[in-house]
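Welcome, and thank you for taking a look. Please keep the sequence and the model open side by side as you read on.

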Amino acid sequence: MPLELETHNREAFELVTQALEFMDQYRDSRDVARLSEATVRLNAASQKDPNYFRARYYDAIVDDLSGRRESAVTKLTELLGQSPLLADEVRYNLGLAEYHGYSHSALERAIQQFTRVLETVTDASLRLRARAGLAQAYAMHMIPKEYDKPDLDQIKKYRDLALGAVSRVFHELHVSQLRRLVPFGGSSVDSSTAAEVRWTVHNAKGMALMYYSDYLPQIENDMADRGRERQGVTVKLALSELEKAERIKGSDWANRCDLGSATMRLGYFSREAGCYSQAISILQEVIDRLRPGYGFAIYETGRVLRLKGDYGKAIERFKAALDIPETQRDVSDRRVTAELKRAESKDGTFP
Amino acid sequence: MSLAFEMKEGVPRRLLLSALMIAGMQLPTNSFAVELAASGTDASASSADQLSIGHAYEQAGRFADAEAAYRRALEIGSPKARVDAITALSNVVQLRSASLLSLARSLEDRGRSGDAESVYLEVLKDGDAEARSVALNALARLSDTGATSAELKAAKALEGAKRWDEAEALYQQVIQSGSMAQKEAALAGIKELAKIRHSFVEEEIGPAWDTFLKALFPTLLVAGLILVVVVPVGLGLKRFYRRRYRARLNIGDFSRTEGDQSPGAAFRETLLLMHDRMSTHFRERTIVGDAGKMPALLDSSRSDVLDLLADVNESLVPFSKWFSKVTQQPGYRVSGWTEATWGNIKVCAKFEHYGKTVRQWTRIYSLYEWFGSEQDLAYEVLISVKEYTDALGA
């Protein structure tokens, strides 16, 4: 039986409606328990009507939002193979789920999906979201596979791509805003989508500046003290972008983690007092409330403690991170182990 | 070069005449003025034109034509033009009477008593009060001089002109002072007059006709107003609201009578609740992307402002109803009815797009089954609407 976009089973419809309401509540509160409620209802809806496309599609999205990105990728890939329904939307969400893998290979798959959406779609809203996703994927791709063997050309290339995509999105947002002012000005993006896209590109720009600051002296051949000062300035710019994103959509766990990481870097580059404590408090809120037990946040807290010189506590954090399965941690075993070794050898350098 | 040669072809002559008069210019000849006036006696001439035409005839001494022109001005003119027409009319009647009296006297002086009598009778029929009095005296004088029955003739003339009171007075005068034969003729005249005055036509048909005209006029006026104003405005409004509400949905009442309490009568409420639920479901979300939209509802209630006005003035109620009907132009409509017996409920529903039926449902449920199935049917109807509108938008 082919999948149907809408169901003729009212109970299945009601269950999906309830799930959507839980997703709305999650968007407002960032309470991940709402997503669990949504999953229960979506699974029940799929049982009532196994051919109900929306139930399965939303289930994959909730998986991604809940951090079960591998499951999301599997379900979205399956949907793309089974049905042409909402193919562009599904592909965009597949790109998003791949992006949440954060590894170079996953990011390359995300870039591929977003690029494909941009090639095939004419809808202004979806195009903007795809380009914003692309900016994030390029920015994340700037993190080198090994911290001590960075490919500086690649870092510079992806920084340019990320900032280029960010500029393009801002330009398209302005055009869309102008269109809304002019009668018969063509299709424009609604305000909630515009806010979501704006959040995404501020986050992407913040990440691009932050990761660039890590290797700025090597890339720009400026190894003297001035290089470190410029690293501090760049991180401040990154923080400003991430704070803009925070103002648009507060309490997002991903942006909060980036804020924690940028504050940590500011502490290291500018030696400003209190930055490490502030970074730990930001990351701890993610671990306690925004995404309980999130592996990457635990790992990043360990890094802050290492830079702070609190090696014992740092080692505890890295070990706690390693206890979380790699698939749910968003940071590879290799990176955590490398950081653990650096803490054990009382290495207080960065990156 | 004479003025007649200067006239350009195609310039309305009556306008030229009016223009000349307004400018205070003397017309070249009376015959030219009459020619101009004669060309402007068509029914389409305005009251101002008619006054000008009347004036031209008056100046040319054609008082009867002038009077006719002033009377036309009186019928079609504005209040001000009517006042002017009345003044001119009374003036021309006086002039005409004076002219006729002068002619009659001249004839009388030449010994042509018969012709003089005819002219006096003419004055008696259409002249002003003073002239009629002079004409009457003259007729009496002619009677004294041997022109017998002039008063009787005058009475007959007045009777013909439907001036019955004056005719009767003359008959009475003849009865008092005339010869026996004249008295008999006068008596017969009075009897005939009484018959006419009390005839069925005068007593029944005349008033009935007047009443009919009085009643018909407002009706014709309203009908004309509807044809000229309401119909085109209604069509324009309908077109505008049809376009404006092309993506709106109206859900009709499923109860058969107002306040119907039978099972199934509240199916409209179930449809409205389901529409609300589905609108929540299909609301645009950035998390899940565009899911298409449910057509928004078009409330069938009338405009609050019009309702308020209708409450203040009852005569606005029909207008309020008409306006409400004209503005309710949803692109999509769900309507139908329910019928309940002791054990069953029959539901008939249809979904229309601009009056064309897209889908129909006829279902019979047992009462027990209905409470579980009502929402299912509401969902089935509305999901059909959603799928149809999505397909149209694709």
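The side chains of Asn93(A) and Tyr57(A) are joined by a polar contact of 2.7 Å. A polar contact here is a pair of N or O atoms within 3.5 Å; within protein, one must be able to donate a hydrogen and the other to accept it, and residues adjacent in sequence count only if both atoms are side-chain atoms. You will find Asn93(A) in helix 5 of chain A; helices (H or I, at least four residues) and strands (E, at least two) are DSSP runs, numbered from the N terminus. Asn93(A) counts as buried because its relative accessibility is 5%; buried means under 20% relative accessible area, exposed over 50%, and partly exposed in between (1.4 Å probe, protein chains only).

A word on reading the model: it is predicted, so local features need pLDDT of at least 70 and side-chain atom pairs count only at pLDDT 80 or more, while totals for chains, interfaces and linings use all residues. Residues are numbered from 1 along each chain as its sequence is written, chains are lettered from A and ligands numbered from 1 in the order in which they are written, and side-chain values use heavy atoms, leaving out hydrogens and water.

Now to the rings. Over all chains, the structure holds 22 aromatic pairs. Rings of Phe, Tyr and Trp (its six-membered ring) pair if their centres lie within 6.5 Å; planes under 30 degrees apart count as stacked, over 60 as edge-to-face and the rest as tilted. Here are two of the pairs:

| Pair | Centre to centre | Angle between planes | Type |
|---|---|---|---|
| Tyr99(A) and Tyr102(A) | 5.5 Å | 75 degrees | edge-to-face |
| Tyr241(B) and Tyr245(B) | 5.6 Å | 35 degrees | tilted |

Tyr99(A) and Tyr102(A) are buried, and Tyr241(B) and Tyr245(B) are buried too. In chain A, ring pairs also link Trp253(A), Tyr294(A), Phe296(A), Tyr299(A) and Phe318(A) into a cluster.

Some rings have a charge over them, meaning that NZ of Lys or CZ of Arg is within 6 Å of the ring centre and within 35 degrees of the ring normal. The charged end of Lys249(A) sits over the ring of Trp199(A), 4.0 Å from its centre, and that of Arg129(A) sits over the ring of Tyr92(A), 5.1 Å from its centre.

Where do the chains meet? The contact (heavy atoms within 4.5 Å) takes 28 residues from chain A and 23 residues from chain B. About 2,300 Å² is buried between the two chains, 53% of it on carbon and sulfur atoms; this is the accessible area (1.4 Å probe) that two parts lose on being put together, summed over both. Five salt bridges are counted between chain B and chain A, each a side-chain nitrogen of Lys or Arg within 4 Å of a carboxyl oxygen of Asp or Glu. In one salt bridge, Asp24(A) meets Arg283(B) at 2.6 Å, N to O.

Finally, the backbone. Most residues other than glycine have a negative phi, and most peptide bonds are trans. Leu86(A), not a glycine, has a positive phi of about 45 degrees, and Leu86(A) lies in the loop between helix 4 (69-82) and helix 5 (87-99) of chain A. The peptide bond from Phe350(A) to Pro351(A) is cis, with omega near 0 degrees.
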